[in-house]
Amino acid sequence: MVFNDLREFIAEVEKRNDVKVVEGADWNEEIGLITEWQMSEPNNPLLLFKNIKGYPPEYSIATNLFGTPARTALALGMDPATRRLDIVRNLRNIFGEGFAPIAPVEVDYAPVKENIQRGEEVDLYKLPVPKWHAKDGGRYIGTGCAVITRDPDDGCINLGTYRVQVHDKSIATIYMSPGRHGKNMRNKYWERGENCPAAVAIGMDPVLYMGSHSDVPKGLSEYDYTGGFRKKAVQVTRGVATDLPIPAMAEIVLEGEIIEKQTVQEGPFGEWTGYYASGEREESVFKVKSVCHRHRPILQGNPPLRSPYFALAHNLRRSASAWVDLDKTIPGVKGVWLLDDAAFNMIVVVSLEQKYQGHAMQAAMGVAFSHATSYMNRFIILVDEDIDPSNMKDVLWAVATRCEPETDIDILRGMRGTPLDPALPPHKRAMGDYTHSTAILNACRPYAWKDEFPVTIMSTPQELEAVKKKWGKLFAR
Ligand SMILES: Cc1cc2nc3c(=O)[nH]c(=O)nc-3n(C[C@H](O)[C@H](O)[C@H](O)COP(=O)(O)O)c2cc1C
Ligand SMILES: [Mn+2]
């Protein structure tokens, strides 16, 4: 199922009795707290905040959109019963050989233009912008958003999910980490002495949202990538204050320009690592020149929380992308998994059917090389094919019983990191050196004597099936 906008997705989730409407909550920390609390509960619902304190009833906020594997699968057009490692396997098949991007189409009917405020009319506080976490430096309108920019050299349109803070009626900031495509484009305008035109879309169809925070290679637009994934072009319309193509079906779009020499203090903001690590810094102003929104706009919120799942399939999609990369050169890969409780990127597990000596280390190098996993990845764990990489119990058992620290741990140094790394030593941060190290834990049976390695005591799936068949009735509840 392809959803054309956020509303269609929420309506489908509603049909499945998986939406909780919350009336009268406060934008000031309360919506963030309810989201954090609910996301830590099993089988948590999608949250739709209505009648937000101090705001007219037309405005609502949706959070926890993808908080369960079932909603994640549904959002990606899969059966909600799909197991998580199977979601990764499906994604790997979609992104593997034969993936064909589809360019966006410009349409006449653009609901996002139902309401337009320009120039002096712009007032970002008219929208119920939340303050998500108690220690945040302010209100963040952009968490579940896509920032749209155009490369001034080749015209390629980029979308990236970058946090957007509100500072005044028409003043915001966009925080982009080093190396982001959006940041490189912005800097090119500045080098020419120009301001950088940008648009921020808030509230969109789930796959476009996923596209905007996917590791799409430079030169390929996230619009085309999303179209290819959905097998249906994204509908766009010309912006009103810029000539950027903006999603026609978005809930809210802000347009304006990023001005190098005008700065304000950005942050701090509760980050995906579960810490406030990048603090408060000078950031250039995003001067908002127009606000477009649909009737009854829904502000999509995906505040980072320590729990996984605030982003759509972030760890699942990255797992799949790394798997696609490994498949290109390394045989026998049975699964790739970014441990979701370990802040997405930080621990990557590869399950492998070892076929030759050095095979496991080659897979580790593949993870370190893949664009999907070469960033802020502190541990690479290699396990044999009998280990389900998405099962923490399996993985810990393998590490404890097959990884001998003296011989099976290696360390890579100077790896690509981020100022958001909570373990970055102060002196490195001061120098602008954000690199970190990566430990490789080889928890595969040693290849040279793997046939002598003690056999496990676990019964085979076939043996277990047979006993369940015979004795199942006795244990039925
Ligand atoms: C919910 C969420 C919030 C994010 N916030 C930021 C952010 O504030 N700044 C940033 O640089 N990257 C952020 N990212 C990561 C980027 O969106 C992601 O790396 C994306 O692929 C970048 O696209 P680009 O390569 O086109 O720049 C966030 C990702 C998610 C899922
Ligand atoms: Mn990009």
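Helices and strands are DSSP runs numbered from the N terminus, a helix having at least four residues and a strand at least two. The legends below describe close-up views of a predicted model.

View 1. Together with Leu464, Trp471, Leu474 and Phe475, Val467 makes a nonpolar surface patch of about 550 Å². In an α-helix there are 3.6 residues a turn, so residues three or four places apart point the same way.

**View 2. The contact between domain 1 and domain 2.** The protein chain is divided into domain 1, residues 100-299, and domain 2, residues 314-461. The contact takes 15 residues from domain 1 and 19 residues from domain 2. Taken over C-alpha atoms, the centres of the two domains are separated by 33 Å. The area buried between domain 1 and domain 2 is about 1400 Å², with 60% of it on carbon and sulfur atoms. Of the area that domain 1 buries against domain 2, 46% is supplied by Asp215, Trp272 and Ala277, more than by any other three residues. Two salt bridges are counted between the domains.

View 3. Arg163 and Glu271 form a salt bridge in which the closest N and O atoms are 3.1 Å apart. The pair links distant parts of the chain, 108 residues apart: Arg163 is in strand S9 (residues 163-168), and Glu271 is in the loop between strand S14 (252-266) and strand S15 (281-293). Arg163 is buried, with a relative accessible area of 9%. Glu271 also counts as buried, because its relative accessibility is 4%, and the cut-off for buried is under 20%. A network of salt bridges links Arg163, Arg186, Glu266, Glu271, Arg281 and Glu283.

**View 4. The Asp215–Arg318 salt bridge.** A salt bridge joins the side chains of Asp215 and Arg318, with an N to O distance of 3.3 Å. Arg318 has 9% relative accessibility and so counts as buried. Asp215 is one of the three residues named for the area that domain 1 buries against domain 2.

**View 5. The Asp153–Arg192 salt bridge.** A search of the whole structure finds 35 salt bridges. In one of them, the side chains of Asp153 and Arg192 meet at 2.4 Å, N to O. Distant parts of the chain are linked by this pair, 39 residues apart: Asp153 is in the loop between strand S7 (145-150) and strand S8 (157-160), and Arg192 is in the loop between helix H5 (181-191) and strand S11 (196-202). Asp153 has 51% relative accessibility and therefore counts as exposed, while Arg192, at 43%, counts as partly exposed.

**View 6. The buried residues of helix H9.** Helix H9 covers residues 359-369, and its buried residues include His359, Ala360, Ala363, Ala364, Gly366, Val367 and Ala368. The buried residues of H9 pack against one helix, H8 (314-329). They also pack against strand S18 (347-352), strand S19 (379-384), strand S20 (409-415) and strand S21 (436-443).

Definitions and conventions. Residues numbered from 1 in each chain as written. Chains lettered and ligands numbered in written order. Predicted model: local features only at pLDDT ≥ 70, side-chain atom pairs only at ≥ 80, totals over all residues. Heavy atoms only, no water. Patch = residues over 30% accessible without salt bridge, like charges linked within 9 Å, V, L, I, M, F, W, Y side chains within 5 Å. Areas by Shrake-Rupley, 256 points an atom, 1.4 Å probe, with all protein chains shown as cover. Salt bridge = Lys/Arg side-chain N within 4 Å of Asp/Glu carboxyl O. Domains from an automatic or database assignment. Contact = heavy atoms within 4.5 Å. Buried area = accessible area lost by both parts, 1.4 Å probe. Buried < 20%, exposed > 50% of the residue type's maximum accessible area, 1.4 Å probe, protein only.
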